[in-house]
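I opened my notebook to look up a few things in this structure. My notes follow below.

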Amino acid sequence: MDPIVEVVAFVLGFLGWVMVGVCLPNRYWRTSTVDGNVITTSTIYENLWMSCATDSTGVHNCREFPSLLALNGYIQASRALMITSIVLGTFGLVAALIGIQCSKAGGENYALKGKIAGTAGVLFILQGLCTMIAISWYAFNITQEFFDPFFPGTKYEIGEGLYIGWCSSVLAIAGGACLVCSCKVGGEEKQTYPYQSRGTAYSGAAPSRSMGASTYGRNAYV
């Protein structure tokens, strides 16, 4: 395993995990569009947890969604996926801290540390996939409502929170892939081969006693 690749992968995974934590409470997952509106008196913006509005004077008012069951299914699924993403990223960071070579945690059993680092890479990849699915699903519904000419409600555009989530998923997947590939290459380099001397391969086994007895005759003993 290359320690530099492991450190870079850990940093990417950590940045992805931090950006998930920034994305989840961000209020601007979607903002009301001004397309087709002559006069806009207020702007509405929402995330997975609340809906807010600001008027022309700059006054903000927010309210949390009153009922979980009354929400659309994709919002409930996005909540679950984002929370799962944070949990997976937390376990991935702990495993990466133990598994990378430059860390003293976990002792000096590098074979075991390599397996732990590979597990951390898988957790980072799952974190990125969960975030990517949640963000993309949410964005798909925004664009579907925006381009639907018969949609009666307020139309929204993609907010900055979704872009943060996409960046987070890319960083997490890249970090996890680097960890997994580094551990795979390191395992291939540690394969053992038999000793060779002048074109002859030796298995390393000790000679048998019967061979020694047959080599020496009776005159060899005093």
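Which residues does Gln127 touch, not counting those up to four places away in sequence? I looked at a predicted model to find out. I listed Gly16, Trp17, Val20, Ser85, Leu88, Gly89, Ser168 and Ala172 as the residues that Gln127 touches.

Next I checked where Gln127 sits. I found Gln127 in helix α3, which covers residues 110–146. Is Gln127 buried or exposed? I noted a relative accessible area of 0%. Buried means under 20%, so Gln127 is buried.

I stayed on helix α3 and looked up Phe140, which lies in this helix. I wrote down 49% relative accessibility for Phe140.

Which residues make the nonpolar patch of about 600 Å²? I noted Val122, Leu126, Leu129, Ile133, Trp137, Phe140 and Val180. Helix α3 gives the most to this patch, with six residues.

Last, I turned to the strands. I saw that β1 (residues 30–32) and β2 (residues 42–46) pair in the antiparallel sense. I counted two bridges between β1 and β2. Arg30 stands opposite Glu46 in β2.

How many bridges join β2 to β3? I found five, and these strands run antiparallel. Strand β3 covers residues 50–55. I noted Cys52 in β3 as the bridge partner of Tyr45. A hairpin of three residues joins β2 to β3.

Notes: Residues are numbered from 1 along each chain as its sequence is written. This is a predicted model: local features need pLDDT of at least 70, side-chain atom pairs count only at pLDDT 80 or more; totals for chains, interfaces and linings use all residues. Side-chain values use heavy atoms; hydrogens and water are left out. Helices (H or I, at least four residues) and strands (E, at least two) are DSSP runs, numbered from the N terminus. Buried means under 20% relative accessible area, exposed over 50%, partly exposed in between (1.4 Å probe, protein chains only). Contact means heavy atoms within 4.5 Å. Two strands pair if DSSP finds at least two bridges between them. Patches are made of residues with over 30% relative accessible area and no salt bridge: like charges are joined within 9 Å, nonpolar side chains (Val, Leu, Ile, Met, Phe, Trp, Tyr) within 5 Å. Accessible areas come from the Shrake-Rupley method with a 1.4 Å probe; for residues, only the protein chains shown count as cover. A salt bridge is a side-chain nitrogen of Lys or Arg within 4 Å of a carboxyl oxygen of Asp or Glu.
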